[in-house]
Amino acid sequence: MHRVHARRAARADTATAFVSAPEPHTIGQVARGRQLITGNFLFSGLLVEGPDLSIWDIARDNPTVAEEIQGCEWLDDLAAVGDDRARDRAQAWVFDWINRYGDGRSDGWTPGITGRRVIRWINHGFFLLRGKDKAAGQLFFQSLARQTLFLSKRWQVTSPGLRRFEALTGTIYAGLSLEGMEHHIPPAVAALSADCQSQIDKDGAIKTRNPEELLEILSLLNWTAKALTETGRDVPAPLKAAIERIAPTLRALRHSDGGLARFHGGGQGLEGRLDQALASSGVRGSPAKGLHMGYARLTAGRTTLIADAAAPPSGDASADGHASTLGFELTSGRRPLIVNCGSGARFGVEWRRASRATPSHSTMMIEGVSSSHLASSRASNQAEELLTDLPSLVRGYTIEDTQGRRLEMSQNGYQPSHGLTHARILHVSADGRTVDGEDILTTLDAADSAIFDKAMVHAGPIGIPYAVRFHLHPDVEATLDMGATAVAMRLKSGEVWVFRHDGQAKLSLSASVYLQNGRLRPRTTQQVVLSGSAMAYATRVRWSLAKAQDTPNAVRDLVKADPMDVVE
């Protein structure tokens, strides 16, 4: 049906012009813009070199990145460069789009992507029209008007979530910016207000629990509120309230390095994007205590710890969800230390699946079993895999005292199969220089013990194998000491953190990967692993991370310290 409405919109004989000079609100990357100018096309793990190629040749030949290209976010990167060569590229590719796709019979005509594209075209309208003749200007505005007509008809059938926020924002943005399009504003504003109430809960959370997606939604709402204000229109109360709810939640998900926690398919966000969105929101103040969108945040000194203390998203919202329950990330100052592997969606199907499983997160797991399971969607029009068999009971509590901040969490994802509940206790000292951790696998009642006994019969004398994983950022240089009792981890800033444990598990360093948007391939890194076997109804593993003092022998002395002195 999208194609039918796209063709109808493309046949509409509509021309328009800008009501006023549009002001760009989107942030681009100069480095990526320069790559595009020289013909190096890097999208979702794909690199194509072709100085004479159109960006639409890349989209045509590589369906996996076509949607990313069709959204025209690359215009932000070219505009960030801003010179004549960048403008020539931008103009050539936008008018090439009109020639190839403007009839509505080809790709790129879905509401979310069209909304994203319309916003970019309007944002950079004068950049795209500079030096062009009147005929080219008419062609550009006619295409924008036709895309706006398409959005006005098709946002209604877009599933709630980020894509509909994009479609509605694009409709409103076009209605405010283009002559003759203002009648599309009221219904779109009403629909956006309704979605702000139904899709963003009272705590500023969204169903997918994806922090980067929440940032995208806040940016869209900020742009809409600013555009309405600048044109003398009232900003609806539900839109204002949504911004006021989201901003504190995003502040709680912000590491000390300025990036977002990377959970449930989200990345850390483009550099500066989070700060810009928070500043534009006009919402000041620190986040309240407790969980935010299911995440707990412990901060002290220069250290930030963010943990996933809630069940993964369920139903359709779980299409990009991860089995990351009780996983955490740790940042010291401007340097990430402990991370999750991230989303592999941009690196192919196999990487996407692997990145969603529990081994790709910094948490405890029973080997061979994820805390949630992946199952293919039964819907014939969906190819994604949804998370199923989620933990039915996840708890998280934060406690603050003079000694620091403490987080207690538990989840029962392994209870049906092994009768075991995973409990995790994390404590950050008041000065932020020490993190103590305790991971427990335990039965809670007689029924659990009976399930555990059956699992032990199947496991045999080796017991039920477990692993506690701590994935390291690629910039961390890790060294295992000779006795395999400690790991020294040096950050690029020169800081050294030392990892120790209580001897109840085997300590090792293993290979890992760091999956990051904008990279051609996954980055190699390492992970610290504590491995052992559960042989009784309760298995306890204690560990610690301590920042070394700034003295020549500090690391040596800390590595030689008695483990119990560190974790008690």
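**Exercise 1. Find which element gives the largest share of the lining of the largest cavity, then describe that cavity.**

Step 1. Strand E6 gives the largest share, three residues. Strands are DSSP runs of E, at least two residues long, and helices are runs of H or I, at least four; both are numbered from the N terminus.

Step 2. The model is predicted: local features need pLDDT of at least 70, side-chain atom pairs count only at pLDDT 80 or more, and totals for chains, interfaces and linings use all residues. Residues are numbered from 1 along each chain as its sequence is written, and side-chain values use heavy atoms, without hydrogens and water.

Step 3. Define the space. On a 1 Å grid over the protein atoms alone, a cavity is a set of points where a 1.4 Å probe fits but cannot get out; lining residues have an atom within 4 Å of a point. A volume is the space filled by probe spheres set on the points, which are joined across faces, edges and corners.

Step 4. The largest cavity has a volume of about 80 Å³. Its lining includes His 255, Asp 257, Arg 262, Glu 329, Ile 338 and Tyr 514. Strand E5 (328-332) and strand E6 (335-339) are the elements that give two or more residues.

Step 5. Sort the lining: five nonpolar, four polar and three charged. Ala, Val, Leu, Ile, Met, Phe, Trp, Tyr, Cys and Pro count as nonpolar; Asp, Glu, Lys and Arg as charged; the others, Gly among them, as polar.

**Exercise 2. Locate the second largest pocket.**

Step 1. A pocket is an open set with protein on both sides within 12 Å along at least five of seven lines.

Step 2. Helices H12 (211-230), H13 (237-252) and H14 (273-281) each supply at least two lining residues.

**Exercise 3. Trace the eight-stranded sheet.**

Step 1. The order is E10-E11-E12-E13-E20-E17-E16-E15, open and antiparallel. Strands pair if DSSP finds at least two bridges between them.

Step 2. The edge strands are E10 (394-401) and E15 (477-480).

Step 3. E13 (434-442) and E20 (538-547) pair over nine bridges. Thr 434 has Ala 546 in E20 as its bridge partner.
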